[in-house]
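Reader: I would like a close look at one part of this model, the packing of a pair of helices. Please keep to what can be computed from the atoms.

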Amino acid sequence: MNYLSVENISKSYGERTLFENISFGINKDQKIAFIAKNGTGKTTILNILNGKDQPDTGQVVMRKDIRIAFLSQVPDLNENLTIEESIFASDNDTLRVIRQYEAALLNPDDSDAYQKAFDRMDQHQAWDFESQFKQILSRLKLDDLTLRVSGLSGGQKKRLALAMILINRPDLLIMDEPTNHLDLEMIEWLENYFAKESITLFMVTHDRYFLERVCNEIIELENGKLYQYKGNYSYYLEKKEQRIASENASIDKARNVFVKELEWMRRQPKARTTKSKSRQDDFYVIKEKAESRRKENQVELEINMERMGSKIIELHKLHKRFGDRVILNGFSYPFQRGERVGIIGKNGTGKTTFLNILTGTAPPDAGKVIIGDTIKIGYYTQSGIVIKPGQKVIDVIKEFGEYIPLMKGKTISAGQLLERFLFDRKKQHDYVEKLSGGELKRLYLCTVLIQNPNFLILDEPTNDLDIVTLNVLENFLLDFPGCLLVVSHDRYFMDKIVDHLLVFRGQGEIEDFPGNYSDFRAYEDSAVPVKQASAEKTSWKQQQATGLTSSEQKEFQKLEREIRELEQKKSGIEREFSEGKVADADIERRANDLQAVLREMENKELRWFELGEKAEG
């Protein structure tokens, strides 16, 4: 059954043509993702579908009496209403019946009104509907229905808009980046809901796990043409690579992007279904997987960043709270060379506050942040970049730097970096005010990277970026030799980029986990709960609650540091061998050095686990 047909639509702005003679259809039960580069017309097409914009030519034909709902990136809500009033303000007859019934429950003395409300619930078969909509509100954490919309955070407004749509069960749901501003728990719930529900979807999203697990068709707009793929994200990657190969065998570089992406998708971490034998076995398995992922990357861009000294960044007993909400409670952490740390946690647990304390833009209540003399921080924030009127794209980036130095005396100029992030030479001389939201984010990323930091901090870098740009960013970060600290709700991005996680549980509880996001989810779902990987990284109260004596706690912390140092020594020796830097005469000596490091690591890790088991009591 066809719900909607797009027939030969075109759209231009002045001399710029976004697309011409585009046609496609949306049928019942299809779950379609619409993919295109930033600035090529994704949002325009969504606005044409929901009636907020009109095509220059062509038409959109909808089935009679079809109910369509649109979820925009910024929900259009009445700020004066409460959550409850917003939900019941729709034209849904069943919702009105439920509201009358709940009002009757509050007035038990009026038995006639109660009986009438009860009968109407039966007539409209509203009992199951009531149960479902209360479940949706619960899962979206909309518990206090008296809160006014004007006082809600961006994430709460997005959840309210989602709840209003899901409760009303439209025939066709059109969504623009549905996972933006949702935390990981909400994203996974929404993904599971859409995967199992019989609902027709048309969405723009950069969330590749969402594309993989929810969508059964992908439509791509590229260079003004539409390409349709009857499958999920893996299928799209495979067929797109084949299409590019058949169109032009000489563009190997473009093909390689999709070949690499497909290879990664096929070996992506899967949740383990067996129960964990022991914490020690799980720790080693996950740690080994995290290390192997980094070794698999072939460096294509040898960045010659500024040298890092022995001291990177050290956090000493940090405390931070806002009223009753505790963000940090005696948190300590010594960053090491080359660390690639992801930060995850529910909205409101203090992830961005933590980054602001780390970078000195917000003070801690107590404790110290010590930054090494050689550390140069690059900080990509959610607030974006401030643009001066009349500036051109190339002028913006040159204010921050002219080039990034590479090995062997080579460089990447500001213009070459912009090209790498999909700003061609013509686009570089456009005025910045012409850029789309996603293009502005791309430009902001380039201004941070051109400064050649050796400690890179990214706060939600994937929001508003298209999938092609995400591939470019991921490849750049895989080649980045410095420290990397990332806050992101993009599970795919985190899986690909980080080696271990800081998990913000709320109220000052922070866990250090040795793996990426999918490893963490599999470990969480196994029989053994996630434990702290280091006593040094627990709060002061948690340390006191362990079964260790004061001297054992110090030994535990010391072992953690020593094991990290040995891991770096091991990696350094292995790198010498893999890069052919060991002279023939030194091979035996360096091999013996490696064996000695491995033996020492094994002894220290055994003692570390022994103390860890005792700490768990």
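How are H6 and H7 oriented to each other, roughly parallel or roughly antiparallel?

Author: The model is predicted. Helix H6 covers residues 154–168 and helix H7 covers residues 184–196. Their axes come within 13 Å and cross at roughly 15°. Angles under 35 degrees count as roughly parallel, and H6 and H7 are therefore roughly parallel to each other. The crossing in which H6 passes H7 is left-handed.

On the H6 side, the residues that meet H7 are Arg 159, Leu 162 and Leu 166. H7 brings Met 186, Trp 189, Leu 190, Tyr 193 and Phe 194 to this contact. Sorted by class, the contact of H6 with H7 has seven nonpolar residues, one charged residue and no polar ones.

Helix H3 (residues 93–105) and helix H4 (residues 111–123) have axes that come within 9 Å and cross at roughly 150°. Angles over 145 degrees count as roughly antiparallel, so H3 and H4 are roughly antiparallel to each other. Their crossing is left-handed. From H3, the contact takes in Val 97, Ile 98, Gln 100, Tyr 101, Ala 104 and Leu 105. H4 contributes Ala 113, Tyr 114, Ala 117, Phe 118, Arg 120 and Met 121. By class, the contact of H3 with H4 has ten nonpolar, one polar and one charged residues.

Conventions: Residues are numbered from 1 along each chain as its sequence is written. This is a predicted model: local features need pLDDT of at least 70, side-chain atom pairs count only at pLDDT 80 or more; totals for chains, interfaces and linings use all residues. Side-chain values use heavy atoms; hydrogens and water are left out. Axes are lines fitted to C-alpha atoms, for helices over the stretch in contact, and angles run from 0 to 180 degrees between N-to-C directions. Helices (H or I, at least four residues) and strands (E, at least two) are DSSP runs, numbered from the N terminus. Angles under 35 degrees count as roughly parallel, over 145 as roughly antiparallel, 65 to 115 as roughly perpendicular and the rest as oblique. A crossing is left-handed if the near helix is turned anticlockwise from the far one by less than a right angle, and right-handed if clockwise. Contact means heavy atoms within 4.5 Å. Ala, Val, Leu, Ile, Met, Phe, Trp, Tyr, Cys and Pro count as nonpolar, Asp, Glu, Lys and Arg as charged, and the others, Gly among them, as polar.
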